[in-house]
Amino acid sequence: MDLKDKVVLVTGSSRGIGLAIAKAFAQRGAKIVLNARKPIAPEVLAEFEQFATPVIDISADVTNPESVKDMIVQIIAQFGQLDVVVNNAGINKDGLLNRMSEDDFNAVLQTNLVGTFNVIRQALRPMYKRRSGCFINLASVVGLTGNIGQANYAASKAGIIGLTKSVAKEAALRNLRCNAIAPGMIDTQMTEALSEKRQEEIAQQIPLKRFGKIEEVAETAVFLAQNDYITGQVITVDGGLTMQ
Ligand code: NDP
């Protein structure tokens with residue numbers, strides 16, 4: 001897919017990986033829809049001026065199907081089409097299983113897995129009509145391996161992998177593609193929550209001995225959008241952490 005003038009929605013793009021993905025697509029001349037629960041900060045919007053491509057911001061909570069439906073309607077009203085959907089919005093509420101509340105388990109499932117489903121379901125109709133486009137879902141290496149203290153997060157990300165493969169099979173009938181990216185440890189607000197000592201310990205377990213950069217995840221999303229013959233895949237971006 002040539003990304004020039006394509007319409008790209010990136011959920012959860014107010015910061016971190018989502019923002020880097022939105023910038024990587026903007027750099028290729030795509031029209032960008034930014035999203036988070038709250039309006040995107042003016043200084044973040046200003047960072048897109050350098051790309052000279054249309055950028056809109058739609059506040060919507062991916063856990064709310066009505067809010068997601070309105071977002072897709074607004075995108076079609078504004079741009080007339082939707083070509084790439086990056087399901088990036090995600091949260092974590094870590095804790096050991098015996099101390100994990102039902103609320104913390106459900107909240108993570110709702111945002112990460114059900115949120116991804118909500119967006120795909122609403123975006124499918126306009127994308128089916130055009131018989132082109134793709135979905136890119138942010139999973140995680142812990143969705144492949146599991147992790148202590150992350151039962152909710154790992155379950156949500158494993159669910160995203162199953163969802164990705166099912167969408168890939170179903171939507172291929174209308175020439176749509178669906179892939180997942182499974183990042184390892186990436187430098188963002190999510191990983192900054194770990195102590196410096198813990199970050200160093202984890203880095204030592206990674207073959208490349210460092211956390212990944214948000215741009216390294218973003219370039220993977222661009223690659224998956226551009227290559228029209230890749231679907232149903234989970235690409236790990238993890239410095240070798242989970243290689244077999
Ligand atoms: P951040 O916490 O930095 O950003 C998360 C984004 O999602 C924010 O823009 C946030 O904005 C938005 N968001 C959260 N909940 C919702 C919601 N219900 N509806 C709409 N937007 C929402 O996360 P990262 O950049 O670190 O991670 C991005 C993705 O990559 C996530 O899916 C994460 O699980 C995954 N990932 C990250 C890794 C890492 O090392 N950082 C590793 C593996 C996977 P707001 O709160 O304002 O709504």
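1. Overall dimensions. This is a predicted model, and every value here should be read as computed from it. The protein chain has 244 residues, and its radius of gyration of 17 Å agrees with the value near 18 Å that a compact globule of that length would have. Along the principal axes, the C-alpha atoms occupy a box of roughly 50 × 35 × 35 Å.

2. Nine helices and seven strands make up the secondary structure of the protein chain. Of the 244 residues, 50% count as buried. Among contacts with a separation of 6 or more, 71% are between residues 24 or more positions apart.

3. Seven strands form an open sheet with parallel pairing, in the order 3-2-1-4-5-6-7. Strand 3 and strand 7 (234-237) are the edges, each pairing on one side only. Direction ignored, neighbouring strands are turned by 20° against each other on average. At one end of the order, strand 2 (residues 31-36) runs parallel to strand 3 and is joined to strand 3 by five bridges. In this pairing, L34 stands opposite D57 of strand 3.

4. Helix 9 on the sheet. Which strands does helix 9 touch? Helix 9 (residues 214-226) packs on the sheet and touches strand 4, strand 5 (134-138), strand 6 (177-183) and strand 7. The direction of helix 9 makes about 165° with that of strand 6. Its length is in order: 13 residues at 1.5 Å a residue should span 18 Å, and the end C-alpha atoms are 19 Å apart, which agrees.

5. The buried side of helix 9. The buried residues in helix 9 are V217, A218, T220, A221, V222, L224 and A225. Their packing partners are helix 1, strand 4, strand 5, strand 6 and strand 7. The spacing of such positions can be read against helix geometry: an α-helix has 3.6 residues a turn, so residues three or four places apart point the same way.

6. Salt bridges, K23 and E47. How many salt bridges does a search of the whole structure find? The total is eight. One of them joins the side chains of K23 and E47, at 2.4 Å from N to O. K23 belongs to helix 1 (residues 16-27), whereas E47 is in the loop between helix 2 (42-46) and strand 3 (55-59); the pair links distant parts of the chain, 24 residues apart. Both partners are partly exposed, K23 with a relative accessible area of 24% and E47 at 32%.

7. Salt bridges, D83 and R130. A second pair is D83 with R130, whose side chains meet at 3.1 Å, N to O. D83 sits in the loop between helix 3 (65-79) and strand 4 (84-87) and R130 in helix 4 (residues 102-130), so the bridge ties together parts 47 residues apart in sequence.

8. Salt bridges, K197 and E201. Here the side chains meet at 3.2 Å, N to O. Both residues lie in helix 8 (residues 196-205), four residues apart, which is about one turn of the helix. E201 is partly exposed at 34% relative accessible area, and K197 is exposed at 62%. Salt bridges with shared partners join K197, R198 and E201 into one network.

9. N118. This residue is in helix 4. N118 is buried, because its relative accessibility is 5% and the limit for that class is under 20%. Residues up to four places away in sequence left aside, N118 touches V62, T63, N64, P65 and V68.

10. T164. This residue is in helix 6 (residues 151-171) and is buried, with a relative accessible area of 0%. Beyond its neighbours within four places in sequence, T164 is in contact with N137, C178, N179, A180 and Q233. L96 is 68 residues from T164 along the chain, and their C-alpha atoms are separated by 27 Å.

How values were computed. Residues numbered from 1 in each chain as written. Predicted model: local features only at pLDDT ≥ 70, side-chain atom pairs only at ≥ 80, totals over all residues. Heavy atoms only, no water. Salt bridge = Lys/Arg side-chain N within 4 Å of Asp/Glu carboxyl O. Helix = DSSP H or I, 4+ residues; strand = E, 2+ residues; numbered from the N terminus. Buried < 20%, exposed > 50% of the residue type's maximum accessible area, 1.4 Å probe, protein only. Pairing = 2+ DSSP bridges. Axes fitted to C-alpha atoms, helices over the stretch in contact; angles between N-to-C directions. Contact = heavy atoms within 4.5 Å. Expected span 1.5 Å × (residues − 1). Rg over C-alpha atoms; globule rule 2.2 N^0.38 Å.
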